[in-house]
Amino acid sequence: MAEAEAAGDAGLAPAAAQDGAELAAVIGATVPTGFEQTAAEEVREKLGSASRISKDRGKIYFEVPARSLPQVHRLRSVDNLFVVVQEFKDYQFKENKEDALKDLEELVKTLPWTDPLKVWELNNSLKKKKTKRKKHNLQSPASRGKLSDAGEEGGADQNNTNDQEDCAQNAVAVEPTGGQDKENPQGVTSRNGVEEEEDNEQSEVKAEVQASSESGSKADEGQTGEGEAKVLRFRVTCNRAGDKHSFTSNEAARDFGGAVQEHFQWKADMTHFDVEVLLNIHSNEVVVGIALTEESLHRRNITHFGPTTLRSTLAYGMLRLCDPQPTDIIVDPMCGTGAIPIEGAAEWPCCYHIAGDNNPQAVKRAANNISSLLRKNESKDSTALGVPLDVIQWDICRLPLRTGSVDVVVTDMPFGKRIGSKKKNWDLYPACLMEMGRICTPGTGRAVLLTQDKKCFAKALSRVGHIWRRAQTVWVNVGGLHAAVYLLRRTSEPAQDTRPFW
């Protein structure tokens, strides 16, 4: 039996809460590939918890008390959250497909479901309270105006493109659906809460933790607070990577889901589910969890999407890489929909952010997204003064900024696929680096640049080596494309400014 073989290899699992003990949870978080360490540092700074980076790139794990769930949802570097039921670091799969799937079925009966389901129940109650507050805020005069969505997020999903990896959502019967980023009107979004709101959430969550502890295992039994039977709806999502498995993710989700249904007597539902059980298989590492987010937290800032909208979580990682300091002037000269400067203004309000683009449609989208952010801030605090951010249309090669006046440049450069072309990049990249070098402060200026056209960038950088020095490279996955984030430091070499009007 698989549970017997894997018992000695069990990894992270939430410790069972004793009577009167505080409920704790091991949280799993998916993060932009390449920025796992950045996410771990944010967790340590904001939650005081140490994180473990998974062998499966793009995931971290950390333990927190259940009362910290509101702060967990406000993390800027995580995409999706789940509570870990149990992890097996070296699960021994049978070579025979039927035996391997049978072991997964048997595993369901041995897993410690009680505390993770309490955490899920608590998380659900917090989402309901947040939804009520959101509806109340939408009725206030400051937020009656409402912007409509203006497009789909292009090139956003950062899924591993390994040929051996597959993903399936299943509730007993095989029914393929989309990836983990689900469009759902009831999704949880990460918001910058004002202090008063945070205090309210803390008091509410303490009460909910106590109620959850008193309720025992009602979620296990599928009961409501009034004692009436309520059959929960569920689905199983399986993500599998590795070439030594005798089964597909669809088959694993189907059989594991059947065992979950039999164990809890829940009802299978692929779309309108209450509980999403996660089965993550990476080679011999198996993690069973319960999803805490209905849609990715990276959708928090953008309402008007462009053809290459950048994830807010990736934007946060790029900004953090340049270590913004108070009073820094941070410029995104190719801002697109404004994901980077908007994230910067939200997380680093003591800096001044300038966004620009040569495309008037992109500037309009960025302005609309800034307006949405202002509206959201006003709905939470009627005395909000705005955000330290301006947007302007300009030419990247002739920026209307004084020489040496900028501290940091952070931008997503054209990949030459959806926008521009690789041929044009050979002229554009050197010109951009020269102009960025001109506006940045010699000796202290920094630039964080994202591109998939690595060959062109390396050539361009070699041509401006007297201005920029490469300090760090982070390899990332952007919509299935292997890209790189470069941290550059400005040399003390003065820039040659031939323009007569400065």
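Entry 1, ground rules. I am using a predicted model, where local features need pLDDT of at least 70, side-chain atom pairs count only at pLDDT 80 or more, and totals for chains, interfaces and linings use all residues. Residues are numbered from 1 along each chain as its sequence is written, and side-chain values use heavy atoms, with hydrogens and water left out.

I looked up the aromatic pairs and found 10. Rings of Phe, Tyr and Trp (its six-membered ring) pair if their centres lie within 6.5 Å; planes under 30 degrees apart count as stacked, over 60 as edge-to-face and the rest as tilted. Tyrosine 316 and tryptophan 348 are stacked, at 5.5 Å centre to centre and 20° between the planes. Tyrosine 316 sits in helix H9 and tryptophan 348 in the loop between helix H10 and strand S12, so the pair ties together parts 32 residues apart in sequence. Helices (H or I, at least four residues) and strands (E, at least two) are DSSP runs, numbered from the N terminus. Both tyrosine 316 and tryptophan 348 are buried, meaning under 20% relative accessible area, with exposed over 50% and partly exposed in between (1.4 Å probe, protein chains only).

I find phenylalanine 457 buried at 1% and tyrosine 486 buried at 3%.

Aspartate 323 has phi near 50° and is partly exposed at 46%. Threonine 327, in the loop between H9 and S11, has phi of about 75° and is exposed at 66%.
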